[in-house]
Protein chains: 2
Amino acid sequence: MMPTDRPGDLFDRLRENILAKISLGEDEFRAGAAYFTPRNIARRAFLLQAGEVCRDIAFVCQGCLRYYTIDEKGSEHVIQFAIEGWWIADLYSYHAEAPSDGYIDALEDSELLLLSRENLENLCLSIPAFERFFRLLIQNSFVAYRKRVAESLSNSAEVRYLTFLETYPELVHRLPQHQIASWLGITPEALSRIRNKIARRK
Amino acid sequence: MMPTDRPGDLFDRLRENILAKISLGEDEFRAGAAYFTPRNIARRAFLLQAGEVCRDIAFVCQGCLRYYTIDEKGSEHVIQFAIEGWWIADLYSYHAEAPSDGYIDALEDSELLLLSRENLENLCLSIPAFERFFRLLIQNSFVAYRKRVAESLSNSAEVRYLTFLETYPELVHRLPQHQIASWLGITPEALSRIRNKIARRK
DNA sequence: CGCGACGTTGATTTGCCTCAACGATTGTGG
DNA sequence: CCACAATCGTTGAGGCAAATCAACGTCGCG
């Protein structure tokens, strides 16, 4: 079904997300939305596995996904979470068409809008405002990762956890603790003790 | 002096850097180069200090700079180095026109080409190929930071140092060891012991 | 020359990991 | 619908990597 045929709830969230960064007429938005492909994905299912080329950028309409890597000892390391209103992909693999070194899977049943590389290309050509949107999107992601590097160089696990609580309050009660621990770069046991310590202080 | 008046050595490196990513006629390049301002900076001098707004992106023609933050205990943490052919700025501050939380200073006497925000804007408007160039630049930086996050989550200081050696061999003999230690997120003493250990192994 | 910057080495401490065991909850197949 | 397994969070004991604190040698430079 064409998005122009119905102002579907799926696309409402995309519209909101895009209009927050750039200004765009409803006609242009609908034309742009046509480049996206809706897709549902079940909890624990993979959107991307290491070795594959990342074919799509995913916009999360509903649900929760993560991008993570596995090291040579077999441990998972969460690089990114994505809930409603977030974008997720392995951008390196996506643009270079090179095999990804990580995995994207769903932590909850999720509804996505996918944008393939060819469609992104055409979308940006036909509606230049989208070029600007995606530049801003990458720019913001870049800044976020740089902050994370600075944070991890400067602070203890406890401080990093407190920063996480402040920065992503909507994630705290939604993610299993061991996933948060992985994102922080510590073990679940360590996070448990940190939480215990913080609770005792109050 | 206009860059069109002489094919100055300063701009040679910029040309090389840009042509490596996009294709551009010599006329367009010269027109673009006119938006840049040459600037020399002495060792230990600041290009940016915390609290200031980052006014320029710097392209390094010659020399070496670093971007770093200072935590509440007064310790420095190097986020990025930049030698010839690299770009450096606090992009967040630059685009948001918000006060920076870090410092950029010169580790060696350096020659730079500066690009202000207004000039970047005009440059991209007048020569669209530059818009693409800077998008690619940010994209690559983004990917590099993401790799660094993954690396720091997965590996010990020793492995991270070995990765640094492989990834930036041109930096190893040029930077003081305590700067490398700071970039790795360890103390100079720890790096000294790691180097000692590696040397003994061989 | 003398001072500051830099790298090294040693002794001690500490933050986090590892391994192990244990409840609580969830989910699933018989 | 229950029984059993798997998942998740917690707690304890012991170990290790890196921090901290301190001392010292070397070099380069004003």
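Reader: Is B:Glu97 buried or exposed?
Author: In this predicted model, B:Glu97 counts as exposed, because 11 C-beta neighbours lie inside 10 Å and the cut-off for an exposed residue is 12 or fewer.

Reader: Where does B:Glu97 lie, and what is its phi?
Author: B:Glu97 lies in the loop of chain B between helix 3 (91–96) and strand 7, and its phi is near 50 degrees, which is a positive value in a residue other than glycine. As background, most residues other than glycine have a negative phi.

Reader: And over in chain A, what is phi for A:Arg44, and is that residue buried or exposed?
Author: For A:Arg44 phi is near 75 degrees, again a positive value in a residue other than glycine. A:Arg44 has its place in the loop between strand 1 and strand 2 (46–48) of chain A, and with 10 other C-beta atoms within 10 Å it is exposed.

Reader: Back to strand 7 of chain B, then: why does B:Tyr103 count as buried?
Author: B:Tyr103, which is found in strand 7 (residues 103–106) of chain B, counts as buried because it has 20 C-beta neighbours inside 10 Å, and the cut-off for a buried residue is 20 or more.

Reader: Which residues is B:Tyr103 in contact with, leaving aside those within four places in sequence?
Author: With those left aside, B:Tyr103 is in contact with B:Phe46, B:Leu48, B:Gln49, B:Ala50 and B:Tyr68. As for B:Asn119, which is 16 residues apart from B:Tyr103 along the chain, the C-alpha atoms of the two are separated by 22 Å.

Reader: Let me turn to the sheet in chain B; what is the strand order?
Author: It is an open sheet of four strands in the order 1-8-3-6, with antiparallel pairing. Strand 1 (37–41) and strand 6 (87–88) of chain B stand at the edges with a single partner strand each, so one side of each has no neighbour in the sheet.

Reader: How many bridges join strand 3 to strand 6 there?
Author: Two bridges join strand 3 (residues 56–62) of chain B to strand 6 of chain B, and these strands run antiparallel; within that pairing, B:Ala58 has B:Ile88 as its bridge partner.

Reader: In chain A, which strands pair with strand 8?
Author: Among them are strand 1 (residues 37–41) of chain A, paired with strand 8 (residues 110–116) in the antiparallel sense over five bridges, and strand 3 (residues 56–62) of chain A, which runs antiparallel to strand 8 and is joined to it by six bridges. A:Glu111 in strand 8 stands opposite A:Asn40, and A:Glu111 is also the bridge partner of A:Gln62.

Reader: Which residues have the most contacts inside the largest nonpolar core?
Author: Those are A:Val60 and B:Val60, in a core of 102 residues. Not counting residues up to four places away in sequence, A:Val60 touches several residues, including A:Leu65, A:Ala82, A:Trp86, A:Ile88 and A:Leu112.

Reader: How many residues are in contact between chain A and chain B?
Author: There are 22 residues of chain A in contact with 22 residues of chain B. On the side of chain A that touches chain B, two or more residues come from each of strand 5 (76–83), helix 3 (91–96) and helix 5 (128–154) of chain A, and helix 5 gives the most, with 14 residues. By class, the residues on that side of chain A are 10 nonpolar, eight polar and four charged.

Reader: What about helix 5 of chain B, how far does it reach?
Author: Helix 5 (residues 128–154) of chain B has 27 residues and reaches 40 Å from its first C-alpha to its last, close to the 39 Å expected. Its buried residues include B:Phe130, B:Phe133, B:Arg135 and B:Leu153, and what covers the buried residues of this helix includes strand 5, helix 3 and helix 5 of chain A.

Reader: Last topic, the DNA: which residues are closest to DNA strand C?
Author: Of the 16 residues that surround DNA strand C, the closest are A:Ser156, A:Ala157, A:Ala190, B:Gln177 and B:Ser192. Helix 9 of chain B gives the most to the surface near DNA strand C, with six residues, and by class that surface has five nonpolar, six polar and five charged residues.

Reader: And which helix supplies the largest share near DNA strand D?
Author: That is helix 9 of chain A, with six residues, while the residues that come nearest to DNA strand D are A:Gln177, A:His178, A:Ser192, B:Ala157 and B:Ala190.

Terms used. Residues are numbered from 1 along each chain as its sequence is written. Chains are lettered from A and ligands numbered from 1 in the order in which they are written. This is a predicted model: local features need pLDDT of at least 70, side-chain atom pairs count only at pLDDT 80 or more; totals for chains, interfaces and linings use all residues. Two residues are in contact if their C-beta atoms, placed from the backbone, lie within 7 Å. Ala, Val, Leu, Ile, Met, Phe, Trp, Tyr, Cys and Pro count as nonpolar, Asp, Glu, Lys and Arg as charged, and the others, Gly among them, as polar. A residue is near a molecule or strand if its C-beta atom, placed from the backbone, lies within 6 Å of it. Two strands pair if DSSP finds at least two bridges between them. The expected span of a helix is 1.5 Å times one less than its number of residues. A nonpolar core is a set of buried Ala, Val, Leu, Ile, Met, Phe, Trp, Tyr and Cys residues joined through C-beta atoms within 7 Å.
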